[in-house]
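Look at the sequence and the model first.

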Amino acid sequence: MIHIGLTGWGDQEDLYPNRTKAKDKLSLYGQYFSTVEVDSSFYAVQPRDRMARWAAETPESFAFIIKAYQGMTGHLRGKPYFTSTSEMYKAFRESLEPVIEAGKMQAALFQYPPWFECNKDNVKELREVKLRMEGIPCVLEFRHRSWYEDGMRERTLAFLKEQGWIHSVCDEPQAGPGSIPIVPQATDPEMTLVRMHGRNVSGWHQNGAPNWRETRYLYRYNKEELLEWKEYLEQLQEQSKDVYVIFNNNSGGDAAANAQMMMDLLDQPVKPFPDRTEPEQEEGPEQLELF
């Protein structure tokens, strides 16, 4: 089965009537999509009570894909919050427990940075991470092209299969070594993750520039591009029981609309977005002209 969702729910304004409170958004999101990627866990390990609340606010069949904390994937800058690697992993695993207990934990997503190249040290690190995450389904996403070039593609995929990693298949700008090609190959018979990052080539390598986060994922897929991906999804569905598709192209608020376009192409039911038109203000009583 193919499941469609978005990265996060707080900023998906298309889904909510005007003035919807933040606390009400996740339950409304669950009326449109069956899965979500939790991105806030990348910036801080989330408290257990918050995770339990999110699990309680979503439908029974809902699935969470929870992004690994930045200290676990080499993104952390500045002073570490945790005193040791073991403490960090312990805290992250414990934060997942309420979602696991609710039966809504689909996978943890380990997205590595563009400088995480294909070499022996990094292969060793991936083996160690998989041991630390034993018992929890884990998705692996690369950002450096070396994992798929120079004859490494098949070896990389074989390594993922051997270690039990779920492959993250990406659509992103083709912008040199810090981006990866589309590799529609599953490494797990139960699940494959697809992440749709957009195709904004000029904004992809703008780290450090003003507002780079607002421009990197600024892209709206057209119908022809999504039809191309419909074929890829059908290929992946033959390789994995479940394919989860996350639209991450939300710098301009395009993710929700593109997700629904894909659902429509897959003949999945689509709930219309609410009318966000502000009601016109009624004019007050006409003032008498006294002077």
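## Charges over rings

In this predicted model, the charged end of Lys67 sits over the ring of Phe42, and the distance to the ring centre is 4.8 Å. Lys271 lies over the face of Tyr32. Here the distance to the ring centre is 4.9 Å.

## Phe42 and its ring partner

The model has 16 aromatic pairs. One of them joins Phe42 and Tyr43.

Are the two residues buried or exposed? Phe42 has a relative accessible area of 8%. The cut-off for buried is under 20%, so Phe42 counts as buried. Tyr43 has 40% relative accessibility and counts as partly exposed, because that class runs between 20% and 50%.

## A pair within one loop

Tyr69 and Phe82 also form an edge-to-face pair. Their centres are 5.7 Å apart, with 85 degrees between the planes. Both residues belong to the loop between β3 (63-67) and α4 (85-101). They are 13 residues apart, and the pair links distant parts of the chain.

Tyr69 is buried, at 6% relative accessible area. Phe82 counts as buried too, with 13% relative accessibility.

## A ring cluster

Which residues do ring pairs link into a cluster? The members are Tyr112, Phe116, Phe142, Trp147 and Tyr148.

How values were computed
Residues are numbered from 1 along each chain as its sequence is written. This is a predicted model: local features need pLDDT of at least 70, side-chain atom pairs count only at pLDDT 80 or more; totals for chains, interfaces and linings use all residues. Side-chain values use heavy atoms; hydrogens and water are left out. Rings of Phe, Tyr and Trp (its six-membered ring) pair if their centres lie within 6.5 Å; planes under 30 degrees apart count as stacked, over 60 as edge-to-face and the rest as tilted. Buried means under 20% relative accessible area, exposed over 50%, partly exposed in between (1.4 Å probe, protein chains only). Helices (H or I, at least four residues) and strands (E, at least two) are DSSP runs, numbered from the N terminus. A charge sits over a ring if NZ of Lys or CZ of Arg is within 6 Å of the ring centre and within 35 degrees of the ring normal.
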